[in-house]
Amino acid sequence: MVNIRKAKTTDIPAMSRVLTASITSLCIEDHGNDSSRLHQWTKNKSEAGVGEMMDNQDQTVWVAEVSGEIAAVGAVAGDSIVLNYVAPEHRFQGVSKALLATMEDSLRDAGISLGKLVSTRTALRFYLACGWSELGPGAGGIRLEKIL
């Protein structure tokens, strides 16, 4: 069973590990194992970087837990989903989908009717299958939107 909740500062070490492992292991199509690109992408996923995310009053950070272990990390800012990463060992188990649904609900609850996000090539099929529409290339990936 997946439990979705707002992140706490005590989650920072586990969140950092999940974000870094997800990017390193699952997003090879996007970074091509290029050490420079990988470093650029993960440098703000350190514990200090995740702490800064948690301190950002303009976004809400979420975690998905499976058996008490953090299995995915997501964040919402304004009208956008800005993070949605799953630990490699929890991929294809419904964890990202449950986290995405919670983040979409949080946008709706904030009065947002059109959600936005920027996807990696790796995650594009996932978002399209979840009802998001592709708008085309954007800074850092592929722009998507969804009527909520």
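Rings of Phe, Tyr and Trp (its six-membered ring) count as a pair if their centres lie within 6.5 Å, and a pair is called stacked when the planes are under 30 degrees apart, edge-to-face when they are over 60, and tilted for the rest. This is a predicted model, in which local features need pLDDT of at least 70 and side-chain atom pairs count only at pLDDT 80 or more, while totals for chains, interfaces and linings use all residues. Residues are numbered from 1 along each chain as its sequence is written, and side-chain values use heavy atoms, with hydrogens and water left out.

**First stop: a cluster of rings**

Select Phe126, Tyr127 and Trp132, which ring pairs link into a cluster. Under the pairing rule the count is two aromatic pairs. The rings of Phe126 and Tyr127 have centres 5.1 Å apart and planes at 65 degrees, so this pair is edge-to-face. Tyr127 and Trp132 also form an edge-to-face pair, with 6.4 Å from centre to centre and 70 degrees between the planes.

For burial, the terms are buried for under 20% relative accessible area, exposed for over 50%, and partly exposed in between, with a 1.4 Å probe and protein chains only. Phe126 is partly exposed at 27%, whereas Tyr127 is buried at 6% relative accessibility and Trp132 is buried at 2%.

**Second stop: helix H6 and what follows it**

Helices (H or I, at least four residues) and strands (E, at least two) are DSSP runs, numbered from the N terminus. Select helix H6 (121–129), whose buried residues are Thr122, Ala123, Leu124 and Tyr127. Just after H6, Gly131 takes a positive phi of about 95 degrees.

A pocket is found on a 1 Å grid over the protein atoms alone, as an open set of points where a 1.4 Å probe fits, with protein on both sides within 12 Å along at least five of seven lines, and its lining residues have an atom within 4 Å of a point. Grid points are joined across faces, edges and corners, and the volume is the space filled by probe spheres set on the points.

Which residues lie nearest the centre of the largest pocket? Select Asn84, Tyr85, Thr120, Ala123 and Tyr127, which have that place among the 36 residues of the lining. The elements that give two or more residues to this lining include helix H1 (12–26), helix H3 (35–42) and strand S5 (114–119), as well as H6. The space in the largest pocket is about 950 Å³.

Colour the lining by residue class, counting Ala, Val, Leu, Ile, Met, Phe, Trp, Tyr, Cys and Pro as nonpolar, Asp, Glu, Lys and Arg as charged, and the others, Gly among them, as polar. The lining of the largest pocket then divides into 17 nonpolar, 12 polar and seven charged residues.

In H3, select Leu38, Trp41 and Thr42, which are buried. Seen down the axis of H3, the buried residues fall within an arc of 85 degrees, so they line one face of the helix; the arc is that of the directions from the helix axis to the C-beta atoms. The buried residues of H3 pack against H1, H2 and S4, where contact means heavy atoms within 4.5 Å.

Move on to helix H4 (residues 47–55), where Gly49, Val50, Gly51, Met53 and Met54 are buried. What covers these residues of H4 includes H1, S2 and S4.

Select Ser96 in helix H5, a residue that is buried, with a relative accessible area of 14%. Leaving aside neighbours within four places in sequence, Ser96 is in contact with Asn84, Val86 and Phe126.

Phe92 is in the loop between strand S4 (80–86) and helix H5 (95–109), and it is exposed at 74% relative accessibility. Phe92 has a positive phi of about 65 degrees although it is not a glycine.

Ser67 is in the loop between strand S2 (59–66) and strand S3 (69–77). Ser67 is exposed, with a relative accessible area of 75%, and its phi is positive, near 50 degrees, in a residue other than glycine.
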